[in-house]
Amino acid sequence: MLLTRQPSSSCDAHYVSVGYAKRLAEHYGIEVVLVHHVRKAGSDDFLTEVSGTNGIAGAADATLVLKRARGQADGILHVTGRDVDEAEYALSFQPASGAWHLLDGPATDHTVGDTRATILRYVRAHPGAKPKDMAGELPHVDMDTIRRTCARMAEAGQLTRDAGGRYYPDTETRTQGAPEVSGLSGCPVNPPELQERPGQSELELSGLSGSTDAEGTAV
């Protein structure tokens, strides 16, 4: 006779249930996909949309939630898990084959309007672009609309903007390559004239010797 402990709560019961499938997969070295449904109430965290308790997602190695707006063919697949990078993928449903197909480009390109999607693609290809630079890609959109759209995208976190009105796809790209600046003087820590060049000695680089014939030149 096999005795097992009865789950003390709904969360425990869900965790144990999914755990059976997990042990089966580990025993046979296979992947097991459990198809579940989401609750009707939406949420900013897609994990909380999984119907039931947190025990379901907590026991699984990975959780995938496919969401699409009513009446639309395109959807977004949200992925998270222990051994996978959290990501979002844009998919399109093909009625003829009954299958979902992966769409090119980031998911955000397929969840925003045509104007925003065009701006996103342009800024990714040309980091630091200004609204006037994008006009050629949007010949049917007036300049004021482009400026307003860029500003709203920055407010929504889809773009970042610097003090000069230039737009970047993310903060990392905007700050990449920026010279290190002294917190006291506001000047670059390593001015161009003091940057190391092949054959220079440390004494020359210090800027204190005033001599170009210092001994100990590096080879």
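This report covers the fold, surface patches and cysteines of a predicted model.

## Fold

The protein chain holds 7 helices and 6 strands. Along the sequence, their order reads α-α-β-β-β-β-α-α-α-β-β-α-α. The chain has 219 residues, and buried residues make up 23% of them.

## Negative patch

Four acidic residues form a negative surface patch: D44, D45, E86 and E88. E88 sits in strand β3, which spans residues 87-94.

How accessible is E88? Its relative accessible area is 44%, so E88 is partly exposed.

## Nonpolar patch

L24, Y28, I30, V32 and L34 make it, and the patch area is about 490 Å². L24 belongs to helix α1, which runs over residues 10-28.

L24 has a relative accessible area of 43%, so this leucine counts as partly exposed. Patch membership calls for over 30%, so L24 passes on accessibility.

## Cysteines

How many disulfides does the structure hold? The count is 0. A disulfide would need a pair of cysteine sulfur atoms within 2.5 Å.

Is C150 buried or exposed? Its relative accessibility is 0%, so C150 is buried. The cut-off for buried is under 20%. C11 has 31% relative accessibility and is therefore partly exposed.

Note on methods:
Residues are numbered from 1 along each chain as its sequence is written. This is a predicted model: local features need pLDDT of at least 70, side-chain atom pairs count only at pLDDT 80 or more; totals for chains, interfaces and linings use all residues. Side-chain values use heavy atoms; hydrogens and water are left out. Patches are made of residues with over 30% relative accessible area and no salt bridge: like charges are joined within 9 Å, nonpolar side chains (Val, Leu, Ile, Met, Phe, Trp, Tyr) within 5 Å. Accessible areas come from the Shrake-Rupley method with a 1.4 Å probe; for residues, only the protein chains shown count as cover. A salt bridge is a side-chain nitrogen of Lys or Arg within 4 Å of a carboxyl oxygen of Asp or Glu. Lys and Arg count as positive and Asp and Glu as negative; His and the chain ends are not counted. The place of a charge is taken as NZ of Lys, CZ of Arg, CG of Asp or CD of Glu. Helices (H or I, at least four residues) and strands (E, at least two) are DSSP runs, numbered from the N terminus. Buried means under 20% relative accessible area, exposed over 50%, partly exposed in between (1.4 Å probe, protein chains only).
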